[in-house]
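Please view the sequence and the structure before reading on.

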Amino acid sequence: MNKFFTIIAFIGLTVTGCTLAPKYKQPAPPVAQTWPENSAQNDSSQKTNAVADIGWREFFQDARLQQLIGLALTNNRDLRVAVLNVEVSQAQYRIARANLFPQVDGTAGYNRQHLSKYQLLSPGQTDLLPGQSQLEKQWSLGIGTTSYELDLFGRIRSLKAQALENYFATEEAQRNAHIALISEVAVQYLTELQYGEQLAVAQSTLASVQSAYDLNKQSYDVGNISELDLRTAEAQVETAKVSIANYDQLRQQADHALVLLVGETLPTNLPPVQPLNAQKLLTDLPPGLPSDLLQRRPDILEAEHQLKAANANIGAARAAFFPKISITADAGVSSQQLGQL
């Protein structure tokens, strides 16, 4: 019997590294791997690494926008959920990895028993005789493992690999949410600036057409122009008012969307607003970027890790067709004195 368990343990140690998961092969992207030899983008492709590693503070140099992005990264609830999902998947991976090792349980006990001073005369008699009272103590200590599965066919290792890839996928999802939040805050901020400047232009236009209408009204009163000319000038005034109302509404909507993204009312101590023509955005990006940048996008990396997790799950499903072998062991000692355990 001992020889049988020794053989089983040896087999488990030798084939533990084997799994039934199919060998993963990364799909080839359906794009060109290199630029054409005569392409003018060859020189710009050398800047790929520098472009891909640009931080958002280097790209957006407006101090007001930087502070708004920082507040959004701190307060956004969706980003918090993404971070918590990473922690959950990390804990699940640790649980799956822990199944590769035996679970050792330890027990300790102490029993104190006070015997009565009466005892039976003999078995079967009900009469009692007085005797000496006695106090008995019993100490016990045990250790063992229960249901340790020998991973003969790699089921546990496949589940561990699946949990690891899911953890990587949630990390990429969190990074994707981080980038998307920064992008959306910048878009709403610049949109608000755009509508604000268009509103200023519409107000200036209204002042001009209103002045022209006043002159036309005076000319009409003295009979120098027709009523058609007067109504044309009046229509221009009303058109300018409509434009002001539209741009003001769009600017307020962009402001409300920005507050929603930031997660709080915009502070009053923000740096002053810079006009659009003063925004120092990074504009010297190369005109073309090689296709390997697709492999750095977090959403694509998330999908690839999910594909690897599904591939590992195939190995676990295949291993489930085979029998599972579990080992249990238990040992313990007891003594009437603690020092003799």
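In this predicted model, D248 and R251 form a salt bridge, with 3.0 Å between the closest N and O atoms. The two residues are 3 residues apart in helix α8, so about one helical turn separates them. D248 is partly exposed at 25% relative accessibility, and R251 is partly exposed at 26%.

Helix α8, which covers residues 227-262, also holds R231 and E234, again 3 residues apart, or about one turn of the helix. R231 and E234 form a salt bridge too, their closest N and O atoms being 2.7 Å apart. R231 has 42% relative accessibility and counts as partly exposed; E234, with a relative accessible area of 27%, is partly exposed as well.

A further salt bridge links R297 with D299, where the closest N and O atoms are 2.5 Å apart. R297 is partly exposed at 39% relative accessibility, and D299 is partly exposed with a relative accessible area of 28%. Salt bridges with shared partners join E227, R231 and E234 into one network. The count of salt bridges comes to 7, including these:

| Salt bridge | Closest N and O atoms |
|---|---|
| D248 and R251 | 3.0 Å |
| R231 and E234 | 2.7 Å |
| R297 and D299 | 2.5 Å |

The model has 1 cavity of 30 Å³ or more, and the largest cavity has a volume of about 60 Å³. Among the residues that line the largest cavity are L150, F153, R155, P323 and K324. By class, this lining has 6 nonpolar, 1 polar and 4 charged residues.

Technical notes. Residues are numbered from 1 along each chain as its sequence is written. This is a predicted model: local features need pLDDT of at least 70, side-chain atom pairs count only at pLDDT 80 or more; totals for chains, interfaces and linings use all residues. Side-chain values use heavy atoms; hydrogens and water are left out. On a 1 Å grid over the protein atoms alone, a cavity is a set of points where a 1.4 Å probe fits but cannot get out, and a pocket is an open set with protein on both sides within 12 Å along at least five of seven lines; lining residues have an atom within 4 Å of a point. Grid points are joined across faces, edges and corners, and a volume is the space filled by probe spheres set on the points. Ala, Val, Leu, Ile, Met, Phe, Trp, Tyr, Cys and Pro count as nonpolar, Asp, Glu, Lys and Arg as charged, and the others, Gly among them, as polar. A salt bridge is a side-chain nitrogen of Lys or Arg within 4 Å of a carboxyl oxygen of Asp or Glu. Helices (H or I, at least four residues) and strands (E, at least two) are DSSP runs, numbered from the N terminus. Buried means under 20% relative accessible area, exposed over 50%, partly exposed in between (1.4 Å probe, protein chains only).
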